[in-house]
Amino acid sequence: VQLQASGGGLVQVGGSLRLSCAASGRTFSTLVMGWFRQAPGKERDFVTAVTPGGGTTYYADSVKGRFTVSRDNAKNTMYLQMNSLKPEDTAVYYCATHRLRYINYSTARSSNAYDYWGQGTQVTVSS
């Protein structure tokens with residue numbers, strides 16, 4: 001499977017961005033999808049995940065209430081709407097496909113449980 005993340009950029013504190021992750025090569029509608037982010041000098045951290053039908057979502061505490069994940073299976077695309085952005089949201093954002101079809105919060109947040117990764121898109125929040 002190939003994943004292409006896009007939509008990153010430079011935004012001021014309190015602003016919004018919407019990231020997209022376009023998938024090809026597998027049946028997108030059967031895949032659990034996730035977003036991770038990695039700031040300079042830090043480990044890659046879980047942001048959010050969404051089940052194949054979009055009915056269940058999981059969020060890291062740091063983004064809960066500000067970020068919203070969604071997907072359009074007809075377009076083979078996942079989205080991340082990011083609002084009320086903070087400087088600590090600055091990172092490269094990656095989308096990925098999960099190895100499992102059924103997950104819980106523990107398996108959703110484990111980067112080792114994801115098999116295919118996109119190339120990342122840079123998000124910079126300036127103060």
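Leaving aside its neighbours within four places in sequence, which residues is Thr51 in contact with? The model in which this is asked is a predicted one. Thr51 is in contact with Leu31, Val32, Thr56, Arg71 and Ile103 once those neighbours are set aside. The points below set out the chain as a whole, its disulfide, and several loop residues.

**Overall fold**

- The chain contains 1 helix and 11 strands.
- In sequence order, these elements follow the pattern β-β-β-β-β-β-β-β-β-α-β-β.
- The chain has a radius of gyration of 13 Å, close to the 14 Å that the globule rule gives for 127 residues, so it is as compact as a globular protein of that length.
- The C-alpha trace spans about 40 × 30 × 25 Å along the principal axes of the chain.
- Among contacts in the chain with a separation of 6 or more, 58% are accounted for by residues 24 or more positions apart.

**Burial, surface and charge**

- Of the 127 residues in the chain, 43% count as buried.
- The chain carries 13 positive and 7 negative side chains.
- The centres of these two sets of charges lie 5 Å apart.

**The disulfide**

- The count for this chain comes to 1 disulfide.
- A bond of this kind is a covalent one between the sulfur atoms of two cysteines.
- Cys21 and Cys95 form the disulfide, with 2.2 Å between their sulfur atoms.
- Cys21 belongs to strand S3 (residues 17–24) and Cys95 to strand S9 (residues 91–98), so the pair ties together parts that are 74 residues apart in sequence.
- The link of Cys21 and Cys95 is right-handed, with 75° about the S-S bond.
- Cys21 counts as buried because its relative accessibility is 0%, below the cut-off of 20%.
- Cys95 likewise counts as buried, at 0% relative accessibility.

- Thr51 is located in the loop between strand S5 (44–50) and strand S6 (57–59).
- Although Thr51 is in a loop, it counts as buried at 14% relative accessibility.
- Ser29 is placed in the loop between S3 and strand S4 (33–38).
- With a relative accessibility of 34%, Ser29 counts as partly exposed.
- Not counting residues up to four places away in sequence, Ser29 touches Pro52, Arg71 and Asn73.
- Ser29 and Ile103 are separated by 74 residues in sequence and by 15 Å in space, C-alpha to C-alpha.

**Loop residues with positive phi**

- Asn76 is a residue other than glycine with a positive phi, near 55°.
- The position of Asn76 is in the loop between strand S7 (67–72) and strand S8 (77–82).
- Asn76 counts as partly exposed, at 28% relative accessibility.
- Ser84, also a residue other than glycine, has a positive phi near 50°.
- The loop between S8 and S9 holds Ser84.
- Ser84 is partly exposed, its relative accessible area being 40%.

How values were computed. Residues are numbered from 1 along each chain as its sequence is written. This is a predicted model: local features need pLDDT of at least 70, side-chain atom pairs count only at pLDDT 80 or more; totals for chains, interfaces and linings use all residues. Side-chain values use heavy atoms; hydrogens and water are left out. A disulfide is a pair of cysteine sulfur atoms within 2.5 Å. Helices (H or I, at least four residues) and strands (E, at least two) are DSSP runs, numbered from the N terminus. Buried means under 20% relative accessible area, exposed over 50%, partly exposed in between (1.4 Å probe, protein chains only). The radius of gyration is taken over C-alpha atoms; the globule rule is 2.2 Å times the number of residues to the power 0.38. Contact means heavy atoms within 4.5 Å. Lys and Arg count as positive and Asp and Glu as negative; His and the chain ends are not counted. The place of a charge is taken as NZ of Lys, CZ of Arg, CG of Asp or CD of Glu.
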